[in-house]
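Please look over the sequence and the 3D structure shown here before reading on. The report below then takes the parts one at a time.

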Amino acid sequence: MEARIEKIKQQLQSQGYKLTPQREATVRVLLENEEDHLSAEDVFMLVKDKAPEIGLATVYRTLELLSEMHVVEKLNFGDGVARYDLRTDSSKHHHHHLICVQCGAMDEIKEDWLLPLEERLEQEYGFTVLDHRLDFQGICHRCNANNDKTNE
């Protein structure tokens with residue numbers, strides 16, 4: 001975790017920003033909850049435990065700054081709530097999401113199944129894909145299992 005914080009600190013410094021204690025607390029919360037897609041309010045509630053003096057506006061500004069710097073990705077899954085996801089160095093592209101329209105659950109597809117399509121776009125259209133995002137909306141396996149039980 002410390003190595004990732006140091007890398008983010010360097011990214012901020014290269015753009016003329018500092019890793020203030022409030023920003024560091026926000027980054028730590030994102031790192032500790034990397035598997036979740038936290039809203040700004042979620043981040044705020046968790047940061048408040050580490051830095052009680054921090055305000056919601058500071059968390060919003062920090063998340064927006066990190067988003068502009070491509071440290072986090074701001075996601076919108078159609079529910080009107082922006083969520084934030086840390087970008088990783090290891091993946092060229094972002095992962096994909098399965099979003100349940102019944103319960104709101106979100107599962108991730110970590111593999112990049114679109115690489116063959118990207119290669120085809122390059123070959124046939126001379127188009128270089130820099131990034132992409134794919135979200136599937138449907139009914140998750142948990143709701144399908146519950147639906148099957150209620151239909152029996």
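## The model and its overall layout

This is a predicted model, in which local features need pLDDT of at least 70 and side-chain atom pairs count only at pLDDT 80 or more, while totals for chains, interfaces and linings use all residues. Residues are numbered from 1 along each chain as its sequence is written, and side-chain values use heavy atoms, with hydrogens and water left out.

The secondary structure of the protein chain comes to six helices and six strands, where helices (H or I, at least four residues) and strands (E, at least two) are DSSP runs numbered from the N terminus. Along the sequence these elements follow the pattern α-α-β-α-α-β-β-β-β-α-β-α, and the C-alpha atoms fill a box of roughly 55 × 50 × 25 Å, taken along the principal axes. Of the 152 residues in the protein chain, 34% are buried; buried means under 20% relative accessible area, exposed means over 50%, and partly exposed lies in between, with a 1.4 Å probe and protein chains only.

## The largest nonpolar core

A nonpolar core is a set of buried Ala, Val, Leu, Ile, Met, Phe, Trp, Tyr and Cys residues joined through side-chain atoms within 4.5 Å. The largest one here has 25 residues, and those that touch the most other members are L30, V43, V47, L63, L66, V71 and V72. At least two residues of this core come from each of α1 (2–14), α2 (21–32), α3 (40–50), α4 (56–68) and β3 (82–86), and α2 gives the most, with five residues.

L30 shows how such a residue is surrounded: leaving aside its neighbours within four places in sequence, L30 is in contact (heavy atoms within 4.5 Å) with V43, L63, L66, V72, Y84 and L86.

## Helix α4

The expected span of a helix is 1.5 Å times one less than its number of residues, so the 13 residues of α4 should span 18 Å, and this agrees with its end C-alpha atoms, which are 18 Å apart. The buried residues of α4 are V59, T62, L63, L65, L66 and S67, and what covers them includes α1, α2, α3, β2 (72–76) and β3. Just after α4, H70 takes a positive phi of about 65°.

## A sheet of three strands

Strands of a sheet pair through backbone hydrogen bonds, either parallel or antiparallel. In this model an open sheet of three strands has the order β5-β4-β6, with mixed pairing, where two strands count as paired if DSSP finds at least two bridges between them. The edge strands, β5 (106–109) and β6 (135–138), each pair on one side only.

Strand β4 (residues 96–100) is joined to β6 by four bridges, and these two strands run parallel; the bridge partner of C100 in β6 is G138. With β5, by contrast, β4 pairs in the antiparallel sense over four bridges, and H97 stands opposite E108 in β5. The hairpin of β4 and β5 has five residues between the strands, and in this hairpin G104 takes a positive phi near 85°.

## The cysteines

How many disulfides does a search of the whole structure find? The search finds zero, a disulfide being a pair of cysteine sulfur atoms within 2.5 Å. C103 is in no disulfide, and its nearest cysteine sulfur, that of C100, is 3.7 Å away. The sulfur of C143 is 3.7 Å from the closest cysteine sulfur, in C103, which is too far for a bond. C103 counts as partly exposed because its relative accessibility is 44%, whereas C143 counts as buried because its relative accessibility is 10%.
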